[in-house]
Amino acid sequence: MFYYLIALLVIALDQLTKWMIVKKMEYGESIEIIENLLYITSHRNRGAAWGILQGQMWFFYIITIAVIIGLVYYIQKMAKGSILLGAALALMLGGAIGNFIDRVARQEVVDFVHAYIFSYSFPVFNVADAALSIGVGLLVIHMFLEEKNAKEKDNG
């Protein structure tokens, strides 16, 4: 149950921030937070990460439903023994649902975090995207730790 609360927190924070952007900012408007590093920029995306597959909503609906089902299954079956795995899956679940809500309700995803990393303009993203990315990162760490533990166990 704890992992679903994490997912709900991600969804709530994601939807609240997106609602604020839609209500308080004009599309394309940008607010400087840290000069040459971080901006809040009202942006919309009809595709996937970095704007790929623009306008393919039915594809995203099907894929996202499959991902959500898979994440719930793995939370139920695998996360009980590992807080790291459970947190990773919960973050991914919350992120997937957050962007899914946008696609269903708006036919586009609201993005607003715009970062510049060493003068590279990183694609604009949102809380759901960040949760997905952090979840995947934690999943990779979990997999490395599991592999390390398995090797140590095999080697005595």
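I83 is exposed, with a relative accessible area of 65%. Exposed means over 50% relative accessible area, buried means under 20%, and partly exposed lies in between, with a 1.4 Å probe and protein chains only. I83 has its place in helix α3. In space, C-alpha to C-alpha, I83 and F2 are 9.8 Å apart, while in sequence they are 81 residues apart.

This is a predicted model: local features need pLDDT of at least 70, side-chain atom pairs count only at pLDDT 80 or more, and totals for chains, interfaces and linings use all residues. Residues are numbered from 1 along each chain as its sequence is written, and side-chain values use heavy atoms, with hydrogens and water left out. Helices (H or I, at least four residues) and strands (E, at least two) are DSSP runs, numbered from the N terminus.

Start with the interior. In soluble globular proteins, nonpolar side chains tend to be buried together. A nonpolar core here is a set of buried Ala, Val, Leu, Ile, Met, Phe, Trp, Tyr and Cys residues joined through side-chain atoms within 4.5 Å. The largest such core has 16 residues, and Y3, I6, L71, I75, L89, L91 and L93 touch the most other members. Helices α1 (2–24), α2 (57–78) and α3 (83–106) each give two or more residues to this core. The largest share, seven residues, comes from α3. Another core, of six residues, lies apart from it; M25, V110, F112 and V127 are among its members.

L91 shows who meets whom. Not counting residues up to four places away in sequence, L91 touches I6, V10, A131, L132, I134, G135 and L138. Contact means heavy atoms within 4.5 Å.

Now follow helix α1. What length should α1 have? At 1.5 Å a residue, its 23 residues should span 33 Å, and its end C-alpha atoms are 33 Å apart, which agrees. The expected span is 1.5 Å times one less than the number of residues. The buried residues of α1 are Y3, I6, A7, V10, I11, D14, Q15, T17, K18 and I21. Their cover includes β2 (38–45), α2, α3, β3 (109–117) and α4.

Helix α4 covers residues 127–154 and holds K151. K151 is partly exposed, at a relative accessible area of 48%. K151 and M78 are 73 residues apart along the chain, and 20 Å separates their C-alpha atoms.

Next come the rings. Rings of Phe, Tyr and Trp (its six-membered ring) pair if their centres lie within 6.5 Å; planes under 30 degrees apart count as stacked, over 60 as edge-to-face and the rest as tilted. The count comes to eight aromatic pairs. One of them is W58 with Y61, edge-to-face at 5.1 Å centre to centre, with 90 degrees between the planes. W58 and Y61 are three residues apart in helix α2, so about one helical turn separates them. F59 is partly exposed, at 43%, and F60 is buried, at 6%. W58, Y61 and F100 form one aromatic cluster. R103 lies over the face of F60, at 4.3 Å from the ring centre. That label requires NZ of Lys or CZ of Arg within 6 Å of the ring centre and within 35 degrees of the ring normal.

Finally, the sheet. Four strands form an open sheet in the order β1-β2-β3-β4, with antiparallel pairing. Strands β1 (30–34) and β4 stand at the edges, each with a single partner strand, so one side of each has no neighbour in the sheet. Two strands pair if DSSP finds at least two bridges between them. Six bridges join β2 to β3, which run antiparallel; V113 in β3 is the bridge partner of I40. Two bridges join β3 to β4 (residues 120–121), also antiparallel. Y116 stands opposite S121 in β4, and I117 has Y120 as its bridge partner there. β3 and β4 form a hairpin with two residues between them, and F118 in the turn has a positive phi of about 50 degrees. β3 is mostly covered, with seven of its nine residues buried.
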